[in-house]
Structure formats: structure tokens, C-alpha cells
Amino acid sequence: MGLSLSQIGSIMWSGRKYLCLPSYIVLIAQLLLSTPALATDIDTLIQHIDHLWRGETSRAEMEMQVKTQRYQRTMTMETWSRGKDYSLVRIRNPVKDRGIATLKVEANIWNYLPKINRVTKIPSSMMSGSWMGSHFTNDDLIKESTFAEDYQSSISFEGERDGQLLYEITSIPKVDAAVVWGKVIMQIEQRTLAPLHALYYDEEEVLIRTLTFDQQRTLDDRVIPMRLTLQPTDKPNESTVIVYRDIRFGVPLDSTFFSLKNLQRLR
């Protein structure tokens, strides 16, 4: 069973400084909203999707496990974010990669390689490139693309599928959006409002990869998936898994924290 309209409002607005979650519940057909009102609620909903692990500010510790045909590796990372315009990702382990970092400030993105003490600005053409040899892209890690700004989203399914009550949102890139994907389909569990799967298609509508969310944890009365498993369609024996060990929202982070000086200094 879905949640009531009053519960929707509580989830969407209470404790916003800690977390903005993807409140897909606003899409329930039985609310019988008018078409203009529904469009407005979808816009609000998409903003929550974009802020799922980010909130207004956030700090997280995570582990990334990469498995390919050629190698397997595990990295631990620390991340900070402020809204959608500021983010910093830094590798803590293994020792040989310690200090490698990626910084985003508005439309500018840099990588830092401590071994050669070099900062390199990443052009937009490299946003679809692999981050640290994983199956995640630069765009995934610093969240340059957002559903609210870059995609036109709509409800494509609502109901039971494989024994689960789901909301399904299909997002198509806007005409002028510089994004990697031709279509993204996200499936949300109605009971918890937690994402279950995200399917990424190219411009020819060929499924390229599937992102699975699990290991749900309740934080501040909200359900957050703590493990993300990315599976490329054409390489079924490969995967990249991100596990959140700790995540905090509403941490004090000024925009000045996200600087080239901190990119190189915080090791």
C-alpha cells in the first residue's frame, strides 16, 4: 500500500537539511491530481531523486569493488558535496592511489594526481569516461547530469511487477542536454520509496547497463540503499559495487571548502 498525501508532505519537507529523498509516492494515480498539479509534483519528485545521496550538504565514506576480466581491485573513498554544484571525491586506500581526487565546482571539474602533483581539468567530452578503471563514469561520481535539468521524465508504469508494487519513471534527455544516455528507466519500491533498479539505454534504445540498489537502511525515518551494483550488459561477468559505510547529511560545508587548494591538500 502507498502512503497518504499527508505522509508525502512529511517525507518531502521534514528534516530537509539532512536528506532529500526521491518521494515517488507523489505519483500515485489514486491521488487524482489534475494534470498541471501532477506536472508540478513530478518536477519536485525529480529534484528529490537528484538529491538522494547528496542532500543540501553531505559527507560519506564508501568502498568501491571493481571486477573486470583483467583485474579486481578495492578502493575506499571519502566524499563531500554541497548541493549540485560542489562535490569532492578522494581515494583513501589503497596506499598507491591515496590522495587521487576529483573536484567539481559549478561547471568546472578537475582531477588531482598526487604522485606527479598535477591538477588536470576534465573537458565535457570526457564525462562519459571511466572513473579509476571502474564501470562508473566521471559523470556518475560527481553527478554533473541531473534529471531535473537534463531530462524530461514521465510515469511509465505503476502497479505490481514480479510480486512488488512499483513506480517506474522513464526519463528522456532534453533536446539541448549534453548527456550520455538516450533513456533512463528507474524502478521504485512503493512501500519504502527506495530505488530498486535503474536501466540505462543508448540513443538506439539498447540497454547498456543496469544499476541495482539494495542493503536498505533507515536514516531519519527514511530508507536509503547503501549498496549500488553496476552491471554492464555486454560484460555479464564484470561489475562495480559501491557500498556506503557511513553517510551524513546537513554537515557544515561552505562553498570555499571546494577549492583547488583543498583538492591537493586533503590527503
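Reply: Start with one pairing. Leu 113 has Arg 118 of strand 6 as its bridge partner. Keep in mind that this model is predicted.

Me: What makes strand 5 and strand 6 a pair?

Reply: Two strands pair if there are at least two bridges between them. Strand 5 and strand 6 are joined by 4 bridges, so they qualify. They run antiparallel. Their hairpin has 4 residues between the strands, and Asn 117 takes a positive phi near 50°.

Me: How do you know that strand 4 and strand 5 pair?

Reply: Use the cut-off of at least two bridges again. Strand 4 and strand 5 have 5 bridges, in the antiparallel sense, so they pair. Lys 104 stands opposite Ile 109 in strand 5. This hairpin has 2 residues between its strands. Glu 106 in the turn has a positive phi of about 55°.

Me: Why is Pro 114 called buried?

Reply: Buried means under 20% relative accessible area. Pro 114 has 18%, so the label holds. Pro 114 is found in the loop between strand 5 and strand 6. Leaving out residues up to four places away in sequence, Pro 114 touches Arg 98, Gly 99 and Ile 100. Pro 114 and Arg 98 are 16 residues apart in sequence, and their C-alpha atoms are 8.0 Å apart.

Me: Now strand 3. Which strands does strand 3 pair with?

Reply: Strand 3 pairs with strand 2 over 7 bridges, in the antiparallel sense. Strand 3 also pairs with strand 4, over 5 bridges and again antiparallel. Ser 81 has Ser 87 of strand 3 as its bridge partner. Leu 88 stands opposite Leu 103 in strand 4. Strand 2 and strand 3 form a hairpin with 3 residues between them. Gly 83 in that turn has a positive phi of about 60°.

Me: Why is Tyr 86 called buried?

Reply: The limit is under 20%. Tyr 86 has 17% relative accessibility, so Tyr 86 counts as buried.

Me: How many aromatic pairs are there?

Reply: The count comes to 4. One of them joins Tyr 86 and Phe 258, and that pair is tilted.

Me: Why is the pair of Tyr 86 and Phe 258 called tilted?

Reply: First the distance. Ring centres must lie within 6.5 Å, and these are 5.7 Å apart, so the rings pair. Next the angle. Planes under 30 degrees apart count as stacked, and over 60 as edge-to-face. The planes of Tyr 86 and Phe 258 are 40° apart, so they fall among the rest and count as tilted.

Me: Why does this pair tie together parts 172 residues apart in sequence?

Reply: Tyr 86 lies in strand 3. Phe 258 lies in the loop between strand 13 and helix 5. Phe 258 is buried, with a relative accessible area of 3%. Trp 80, Tyr 86, Phe 257 and Phe 258 form one aromatic cluster.

Me: How do you know that Lys 183 sits over the ring of Tyr 201?

Reply: The charge must be within 6 Å of the ring centre and within 35 degrees of the ring normal. The charged end of Lys 183 is 4.7 Å from the centre of the Tyr 201 ring, which meets the distance limit. Arg 161 lies over the face of Phe 157, at 4.1 Å from the ring centre.

Me: Which residues have the most contacts inside the largest nonpolar core?

Reply: They are Met 64, Met 77, Trp 131, Leu 211 and Tyr 244. This core has 33 residues. Another core, of 13 residues, lies apart from it, and Tyr 112, Leu 253, Phe 258 and Leu 263 are among its members.

Me: Why does Met 64 count as buried?

Reply: Met 64 has 0% relative accessibility, and the limit is under 20%, so Met 64 is buried. Met 64 is found in strand 1. The C-alpha atoms of Met 64 and Ile 242 are separated by 4.5 Å, though these residues are 178 residues apart along the chain.

Me: What does the chain as a whole contain?

Reply: Its secondary structure comes to 5 helices and 13 strands. Buried residues make up 49% of the 267 residues.

Conventions: Residues are numbered from 1 along each chain as its sequence is written. This is a predicted model: local features need pLDDT of at least 70, side-chain atom pairs count only at pLDDT 80 or more; totals for chains, interfaces and linings use all residues. Side-chain values use heavy atoms; hydrogens and water are left out. A nonpolar core is a set of buried Ala, Val, Leu, Ile, Met, Phe, Trp, Tyr and Cys residues joined through side-chain atoms within 4.5 Å. Buried means under 20% relative accessible area, exposed over 50%, partly exposed in between (1.4 Å probe, protein chains only). Rings of Phe, Tyr and Trp (its six-membered ring) pair if their centres lie within 6.5 Å; planes under 30 degrees apart count as stacked, over 60 as edge-to-face and the rest as tilted. Contact means heavy atoms within 4.5 Å.
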